[in-house]
Amino acid sequence: MTYSRRDFLRSTAIGAGLAAPLAQTLFGPSVARAQGDKHGGTLRISATFGLSTINPVAHISGAEWMATRWLYNNLTRLNVKREVVPDLAESWAASEGGRMWTFKLRRGVQFHIGREVVADDAVATMQTILDPKTASPYRGEIGPIERVDAIDKYTVRFTLRAPFADFPAMMTLPVARIVAREGLGDLKALAAKEFGSGPFRLREFVPGDRVTVERFPSYYRSGLPYLDAVTLKIFPEPTTELTAFKGKETDLIWDVSPDLFSQVAGTPGADAMAVPGGTFANVILPSDKPPFNDSRVREALKYTVDRTKMLAAIHGAHGELANDHPVSSAYTFYAQLPLRTPDLGKAKALLREAGHGGGISFKISVAASPPIREQMAVILKEMAKPAGFNIDVEVLPYDRYLAQVWNKGVPYVGFYATRPTADTILMKLYHPKDGLDEGRWAPSHAEAVKMLEQARETLDVAQRRRLYAQFQKVARDDGPFIIPFFRSELSGKWAYVRDFRLNPSNFEMDLEEVWLTADAPRKKT
Amino acid sequence: VAFYVARRTLSIALVLVLISLIVFVAIHVLPGSAATLILGEYATPESLRALERDMGLDRPFVLQYAAWMGGVVTGDWGYSLAMKQPVTAIVGLRLRNSALLAGFALVAVALIAVPLGTLAALRRGRWLDLAILTGSYIGISVPEFVTGMVLILVLAGPSLHLFPTGDYAPLAAGLRTWLSHLVLPALTLTLVLLAHVLRQTRSGLVEVLQSAYVRTARLKGATERRVVARHALRNGLLPAVTVIALDLGYLMGGIVVVEEVFAYPGMGRLILYAIQNRDVPLLQVSILIVAATYAFANFAADLAYAWLDPRIRYQ
């Protein structure tokens with residue numbers, strides 16, 4: 001029988017608390033490092049849906065974005081404090097008043113295929129995304145790019161159609177992962193293969209079920225990542241997902257409901273993680289026709305909402321109260337305005353003034369998923385009833401909702417996840433051309449929309465802050481949405497998973513510095 | 001016999017073509033398309049048009065079906081719209097997984113249900129018969145969703161943790177690991193299907209045991225064991241064979257719930273995925289595989305009939 005040094009240590013020093021000091025004196029520092037080593041192990045993550053493709057140009061769900069975050073790099077990345085920090089680009093600068101952006105690439109970064117990342121790769125990736133034939137679902141999100149050029153081997157220059165102050169933040173988006181040129185020739189193959197430079201490379205991908213990635217030894221941040229491998233597995237049934245987590249078949253349970261969250265919180269040895277972000281559901285009040293074309297009617301409805309109670313009922317009080325505009329404190333240009341408190345008297349008075357003293361009846365249509373939509377509509381119905389609002393709530397399957405209700409100028413409940421900047425979500429919600437203007441509000445509020453355009457086109461931070469603050473006030477008082485709260489992102493992990501921080505954009509899951517302690521079930525693989 | 005086999009095969013092929021047409025029409029009647037579901041609430045009119053063109057969804061309905069049919073005839077099963085991979089590459093693993101689960105469950109069902117059914121028939125009206133029937137009723141009357149959950153919570157919960165909650169492992173991960181993942185879903189299915197086969201065996205056997213030729217066998221002095229094994233079972237099992245064949249079809253695609261609960265990547269979950277994502281090429285192939293399994297299993301059952309009962313002749 002062979003007897004290794006490790007066995008020897010285990011048999012002699014267990015429970016004596018002597019293992020580490022003894023090891024150091026007997027065998028020198030090498031064994032000591034092995035004892036408290038951050039390296040090694042497999043992290044097993046669970047989610048409930050998504051993971052159809054790992055093609056960064058075409059992927060659409062949180063689970064998919066999470067996986068490509070491990071396989072690829074972007075030019076820039078969004079850290080947990082929501083700052084834009086270097087990734088493949090070491091530095092960047094604006095010229096021509098923000099119409100031109102130049103990124104300097106880090107030298108010596110290797111793709112998994114064994115070649116250096118150069119400017120041509122970034123250019124080819126961007127051109128593929130912008131090509132209408134590619135039909136990239138998130139093409140519209142990355143900004144008004146006119147052309148992309150490689151100035152030299154390590155310099156990429158973007159020329160925009162209009163100045164855009166937040167452009168570097170757009171390069172953090174999942175759609176803007178940098179793909180090696182070799183991979184862009186066959187976009188269909190990219191659905192199951194990867195051509196990235198990220199901290200991990202692909203080991204196995206079963207679409208709709210799981211993805212396994214393994215440590216890329218030549219990653220540009222030397223010594224990282226610590227983990228040998230990461231598995232992301234889809235458990236369609238939340239109870240199974242929770243049981244698997246409790247039985248330590250998984251180490252991290254991603255994006256859970258408040259119910260599951262409280263169960264994780266009650267499990268000894270598990271950490272329940274809640275991070276405030278900018279995710280919200282909004283009741284959309286089409287403001288181009290009666291009754292909601294009268295801003296007093298919109299305001300009356302806003303006054304009926306008890307935001308504290310609604311957040312507690314829907315998301316277990318994990319979140320931040322909101323003021324009927326989409327900018328949460330997670331965004332740089334958040335303006336702290338007095339919070340609207342429920343006032344039924346004022347609501348009734350406003351309705352009377354608007355000529356609806358006898359009450360108003362209307363219907364809100366909601367998609368069956370995610371459940372927050374129906375919950376919000378039903379609670380609003382009850383809260384608004386005493387003020388004279390008679391709301392009928394209609395629940396539809398998601399496909400019918402998309403085809404018949406969404407963006408059709410009728411009241412419904414929308415759902416939006418945290419975006420990289422306030423500009424992204426504001427443009428999406430209010431701009432008639434660059435966004436959707438689901439509330440049909442822009443035509444009657446050209447001044448306000450103009451503010452958004454000015455704010456994104458100037459590099460003057462103070463002026464931007466002023467403009468965004470002004471807009472938030474207008475949107476709060478007059479806007480076409482009821483946004484009662486921002487819900488926190490909820491996840492859970494075992495305590496043996498270390499140095500993991502949840503990003504408010506929870507799919508931006510950075511695992512490079514995450515490590516497992518020696519008591520993790522899969523520390524050794 | 002060769003003529004009979006050819007005729008049955010042809011009629012099965014016809015049924016499959018009809019099914020593919022029905023599925024195609026049904027998906028088109030539903031609101032939205034794969035493109036609207038992919039873009040969801042981020043769609044713009046331009047992006048929607050571009051994606052529909054890319055997926056070939058902007059063509060007239062008849063052309064889309066013809067193009068799909070043309071592909072199938074030439075051996076090209078098409079591309080999944082949502083997973084953006086060849087359908088054949090996706091279906092392979094799911095088919096293997098479902099076949100494996102179905103195989104385990106069916107063998108377990110046959111091994112448990114036939115002896116228990118026989119026992120119940122022989123003790124007809126006695127307390128053992130009653131106990132077996134009642135027990136099998138519990139299995140079939142509790143929805144498989146509940147059975148699966150209870151098994152997960154009890155046997156895979158943190159306190160006992162005898163088996164993993166679900167998922168699957170390749171054989172390369174070791175025989176134990178591979179098997180451990182199959183136990184709970186297979187057990188759930190066995191509990192659900194037990195009653196079908198058990199009750200058919202019992203009633204088939206009860207009928208045969210009262211027949212003239214069994215009486216003759218007893219009268220000529222054959223032992224009870226010989227009467228049951230040689231004379232009664234062979235005829236009494238006929239209805240059970242049909243039920244097992246139909247169960248095979250169910251196991252290959254109808255077990256959506258069990259596969260969802262156990263996060264098991266099989267055909268059922270794939271079909272659900274294809275419907276949710278309006279993934280027509282993927283749905284077509286998955287449904288056809290399941291339909292073909294049903295049809296051919298039934299066909300095989302008919303052939304088994306002839307073997308079990310030489311009086312049956314097919315023309």
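In the predicted model, helix 10 of chain A, spanning residues 295-303, is largely enclosed by the rest of the structure, because seven of its nine residues are buried. These buried positions are A:Val297, A:Arg298, A:Glu299, A:Ala300, A:Leu301, A:Lys302 and A:Tyr303. At the start of helix 10, the backbone nitrogen of A:Arg296 has a side-chain oxygen of A:Asp294 within 2.9 Å.

The largest nonpolar core comprises 132 residues. Within this core, the residues with the most contacts are A:Ile45, A:Trp70, A:Leu75, A:Phe158, A:Phe167 and A:Leu511. Helix 5 of chain A (residues 119-130) supplies the largest share of the core, namely seven residues.

When neighbours within four places in sequence are left aside, A:Leu75 is in contact with A:Pro86, A:Asp87, A:Leu88, A:Ala89, A:Phe103, A:Leu105, A:Ala122, A:Phe158, A:Met171 and A:Ile178.

A:Arg77 belongs to strand 2 of chain A, which covers residues 76-78. With a relative accessible area of 7%, A:Arg77 falls under the 20% cut-off and is therefore buried. The side chains of A:Arg77 and A:Glu512 make a polar contact at 3.1 Å. Beyond the neighbours within four places in sequence, the residues in contact with A:Arg77 include A:Arg69, A:Glu83, A:Thr172, A:Tyr219, A:Tyr220, A:Arg221 and A:Asp510, together with A:Glu512. A:Pro86 and A:Asp87, listed above as contacts of A:Leu75, are also in contact with A:Arg77.

Conventions
Residues numbered from 1 in each chain as written. Chains lettered and ligands numbered in written order. Predicted model: local features only at pLDDT ≥ 70, side-chain atom pairs only at ≥ 80, totals over all residues. Heavy atoms only, no water. Buried < 20%, exposed > 50% of the residue type's maximum accessible area, 1.4 Å probe, protein only. Helix = DSSP H or I, 4+ residues; strand = E, 2+ residues; numbered from the N terminus. Polar contact = N/O pair within 3.5 Å; in protein donor to acceptor, adjacent residues only side chain to side chain. Core = buried A, V, L, I, M, F, W, Y, C linked by side-chain atoms within 4.5 Å. Contact = heavy atoms within 4.5 Å.
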